[in-house]
Amino acid sequence: MNRIQKLFSENRSFIVCFLAWYFILSGYIFSLSDIQAFQLTNSNHSLFFDYFFTVITQFGDGLFVMTVALVCFLVWSRRLGVAIAVTYIGSGLICSLLKKTFQAYRPGYLLQDDPTFHALSWMPMAHHNAFPSGHTTSAFALAATLAFFAKNKKIGLLAFVLACLTGYSRVYLGQHFWDDVWFGSMLGMGFTCLYAVLLAYYTDNKFTVIQFPNNFRI
């Protein structure tokens with residue numbers, strides 16, 4: 001419990017921002033059907049945002065995340081680089097398992113005949129394994145890792161904004177429903193919190209010296 005309280009106190013701004021995102025998004029997706037919530041986002045588009053979100057969505061791409069991990073490991077902090085790699089791989093494995101378990105259809109499959117469905121000609125449209133969103137999971141895992149382990153806390157807040165935009169981009173680009181994004185953000189955040197708490201526990205106990213009673217003989 002003390003480690004959880006410490007994690008919260010040291011990253012209060014980031015965690016409050018995440019909780020605000022979580023509750024606002026929860027209210028939105030539970031007040032509308034999956035298709036209604038999707039169409040309100042996907043149907044509002046422009047050429048500028050088509051290109052903008054095509055770029056932003058790469059923040060949750062595995063190649064980008066692992067590149068960030070490698071650069072951090074070689075240039076700034078090995079601890080941060082390892083943390084980014086571990087949280088990406090760990091949350092990604094759980095995400096992949098859930099995708100195979102639920103095998104949910106994506107908007108591109110369910111709404112492919114809907115004239116209001118907006119898809120980009122230069123972006124392949126996936127049809128299966130929607131839940132949860134892998135890009136969103138990776139983006140929030142990266143943002144939380146930067147927030148928890150980077151010395152400059154402003155980096156984590158900037159990464160949080162990019163993670164939210166990544167989640168939005170997955171719906172805008174027609175790749176996911178909002179509930180896929182909603183759960184993906186929780187998965188990325190939750191796994192990173194677990195990693196941070198377990199790492200703190202391991203670090204605190206790594207150098208614990210076992211003291212034997214005076215009358216104890218080996």
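Mentor: Start with a cut-off: a residue counts as exposed when its relative accessible area is over 50%. The structure above is a predicted model.

Trainee: Why is serine 121 called exposed?

Mentor: Serine 121 has a relative accessible area of 74%. The cut-off is over 50%. Serine 121 is therefore exposed.

Trainee: Where does serine 121 lie?

Mentor: In the loop between helix H7 (107-110) and H8. Take alanine 200 as a reference point. Serine 121 is 79 residues from alanine 200 in sequence, and their C-alpha atoms are 47 Å apart.

Trainee: What share of the chain is buried?

Mentor: Of the 218 residues, 42% are buried. The test for buried is a relative accessible area under 20%.

Trainee: How many helices and strands are there in the chain?

Mentor: The chain has 10 helices and zero strands. The C-alpha atoms fill a box of roughly 85 × 35 × 30 Å along the principal axes. Among contacts with a separation of 6 or more, 80% join residues 24 or more positions apart.

Trainee: What makes H8 and H9 parallel or antiparallel to each other?

Mentor: Two packed helices are described by the angle between their axes and the distance between the axes. H8 and helix H9 (residues 153-172) pack at about 170 degrees, with axes 7 Å apart. An angle over 145 degrees counts as roughly antiparallel. H8 and H9 are therefore roughly antiparallel.

Trainee: Which residues of H8 and H9 meet?

Mentor: From H8, the set includes Phe140, Ala143, Leu146 and Phe148. From H9, it includes Ile155, Ala159, Phe160 and Ala163. By class, the contact of H8 with H9 has 11 nonpolar, five polar and two charged residues.

Trainee: On to empty space. How do you know where empty space is left?

Mentor: Rolling a probe the size of a water molecule over the atoms shows it. The largest pocket holds about 350 Å³ of space. It is lined by 14 residues, and Lys6, Glu10, Arg79, Ala196 and Ala200 are the closest to its centre. Helices H1 (2-10), H8 (134-149) and H10 (178-206) each give two or more residues to this lining.

Trainee: Which element gives the most to the lining of the largest pocket?

Mentor: H10, with six residues. The lining of the largest pocket divides into seven nonpolar, two polar and five charged residues.

Trainee: What is the volume of the second largest pocket?

Mentor: About 200 Å³. Sixteen residues make up its lining, and Cys95, Lys99, Gly134, His135 and Ser138 are the closest to its centre. Helix H6 (78-102) and H8 each supply at least two residues. H6 gives the most, six.

Trainee: What makes up the lining of the second largest pocket, by class?

Mentor: Two nonpolar, 10 polar and four charged residues. Gly counts as polar in this scheme, and Gly134 is one of the residues closest to the centre of this pocket.

Trainee: How many cavities of 30 Å³ or more does the structure hold?

Mentor: One. A cavity is a set of points where the probe fits but cannot get out, whereas a pocket is an open set.

Trainee: Which residues line the largest cavity?

Mentor: Ile29, Ser33, Asp34, Ala37, Phe177, Trp178 and Asp179.

Key:
Residues are numbered from 1 along each chain as its sequence is written. This is a predicted model: local features need pLDDT of at least 70, side-chain atom pairs count only at pLDDT 80 or more; totals for chains, interfaces and linings use all residues. Side-chain values use heavy atoms; hydrogens and water are left out. On a 1 Å grid over the protein atoms alone, a cavity is a set of points where a 1.4 Å probe fits but cannot get out, and a pocket is an open set with protein on both sides within 12 Å along at least five of seven lines; lining residues have an atom within 4 Å of a point. Grid points are joined across faces, edges and corners, and a volume is the space filled by probe spheres set on the points. Helices (H or I, at least four residues) and strands (E, at least two) are DSSP runs, numbered from the N terminus. Axes are lines fitted to C-alpha atoms, for helices over the stretch in contact, and angles run from 0 to 180 degrees between N-to-C directions. Angles under 35 degrees count as roughly parallel, over 145 as roughly antiparallel, 65 to 115 as roughly perpendicular and the rest as oblique. Contact means heavy atoms within 4.5 Å. Buried means under 20% relative accessible area, exposed over 50%, partly exposed in between (1.4 Å probe, protein chains only).
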